[in-house]
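Please work through the exercises below with the sequence and the model side by side, and try each task before reading its solution.

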Amino acid sequence: MKTNHLSTYIRSFLEDYLTLQKNFSRNTILSYRDTIKLFLTFTAVERKKSVTNLTLGDLSPKIVIHFLQHLEEERANSKQTRNIRLACLHSLFRYLANREPLISEHCQRILAIPFKRNFSSSIVEYLEREEMKAILKAVDCRNLDGYRNYTLFFFMYNTGARVGEVVSLYVRALQLERPFQVRFRGKGEKERLCPLWPETARLLRSLLKQRGVDSKSDAPVFVNHRGQRLTRYGVRYLLDKYIQIAARKCPSLKGKHIHPHSIRHTTAMHLLQSEVDINTIRAWLGHAHLETTNRYAEINLEMKRKALDNYLPITKTKTPWKPSQQLLQWLESL
């Protein structure tokens, strides 16, 4: 426990175990990386050390519990996100226990930290059409960064892509001549084609032209002012920034907890409200199972029920309807 093999183990966990042995997708590995990065940064602050000086002994069960509390209380993460982070840490410490039998007991104590049960279904937070328009209007397109941001949000709204798919997208995956489309590599390395609106294609062509990037380039589509690909955190920062600006003219944004994935929910809901077939939406978003897409249909149906309750008159008959006894007897005889 005194010898610091921590950096070696983490590198081996990400590059060898998850990549070569488990054959996880790049996006999944990036999710594990982000969790470990958050955890190590938090631990370094708690231990009053630099990340490079942390040892396996510093990664105690108590620190893990404090980290999970930090996610919920200070970062305002949901129970679901907290559980996903814990699952990543469980995988890491299970790997460490197999690599170093001497610390197996230490790792088992961390593996014993339970997931939180969530009895209430999570709310799917999405934007109404006017709210999405307000965010786009809040972007100043008179400079390259602003034009990139407008194109980014417009593209995310068009495609409903996961933020990881957007930031890892290369220019060569775009087809900006008819038929306009983009090729995504999603979860499980599954590929899908998503149509682009003519306006989206025009914005992307102009963005690439301003950057001097060829349409067959291996360059990332969305980069920061240093020319490096945008990160998930960068996208969230930009969205938060423009929501604050848009909320001045669109007050309904103030009461919503919006993040980049909310734009994906927004696309799904707006497609559904436009009466697009549920299977088309599933293919559009790249859902592996129709059940995942069906939750949007359930939300939309509940919205329709509320609209009926609010706007349709309730008529009362003088005599309540009674089921036929003959029918009930037949049903019971089956």
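The exercises that follow concern a predicted model, and each task is followed by a worked solution.

**Exercise 1.** Classify the aromatic pair formed by Tyr-17 and Tyr-95, and state which helices hold the two residues.

*Solution.* A pair of aromatic rings is described by the distance of the centres and the angle of the planes. For Tyr-17 and Tyr-95 the centres are 5.1 Å apart and the planes make an angle of 40 degrees. Tyr-17 belongs to helix 1 (residues 6–21) and Tyr-95 to helix 4 (residues 79–99), so the pair ties together parts that are 78 residues apart in sequence. Tyr-17 has 23% relative accessibility and counts as partly exposed, whereas Tyr-95, at 7%, counts as buried. To place the pair in its surroundings, note that ring pairs link Phe-13, Tyr-17, Phe-24, Tyr-32 and Tyr-95 into a cluster, and that a search of the whole structure finds 13 aromatic pairs.

**Exercise 2.** Find which charged residues sit over the rings of Tyr-170 and Tyr-126.

*Solution.* Over the ring of Tyr-170 lies the charged end of Arg-172, 4.9 Å from the ring centre. For Tyr-126 the residue is Lys-256, which lies over the face of the ring at 5.7 Å from its centre.

**Exercise 3.** Describe how helix 6 and helix 7 pack, and which residues make the contact.

*Solution.* Helix 6 (residues 129–137) and helix 7 (residues 144–159) have axes 10 Å apart, at an angle of about 155 degrees. Angles over 145 degrees count as roughly antiparallel, and therefore helix 6 is roughly antiparallel to helix 7. Helix 6 contributes Arg-129, Met-132 and Leu-136 to the contact, while helix 7 contributes Tyr-150, Phe-153, Phe-154 and Tyr-157. Sorted by class, the contact has six nonpolar residues, one charged residue and no polar ones.

**Exercise 4.** Decide whether Ile-281 is buried or exposed, and list what it touches when residues up to four places away in sequence are not counted.

*Solution.* Ile-281 is located in helix 12 (residues 278–285). Its relative accessibility is 1%, and Ile-281 therefore counts as buried, the cut-off being under 20%. With residues up to four places away in sequence left out, Ile-281 touches Ala-268, Leu-271, Leu-272, Val-276 and Thr-293. As a further check on the model, the C-alpha atoms of Ile-281 and Asn-294 are 9.7 Å apart in space, and the two residues are 13 residues apart in sequence.

Definitions and conventions. Residues numbered from 1 in each chain as written. Predicted model: local features only at pLDDT ≥ 70, side-chain atom pairs only at ≥ 80, totals over all residues. Heavy atoms only, no water. Phe/Tyr/Trp six-rings, centres within 6.5 Å; stacked < 30°, edge-to-face > 60°. Helix = DSSP H or I, 4+ residues; strand = E, 2+ residues; numbered from the N terminus. Buried < 20%, exposed > 50% of the residue type's maximum accessible area, 1.4 Å probe, protein only. Lys NZ or Arg CZ within 6 Å of the ring centre and 35° of its normal. Axes fitted to C-alpha atoms, helices over the stretch in contact; angles between N-to-C directions. Parallel < 35°, antiparallel > 145°, perpendicular 65-115°, else oblique. Contact = heavy atoms within 4.5 Å. Nonpolar A, V, L, I, M, F, W, Y, C, P; charged D, E, K, R; others polar.
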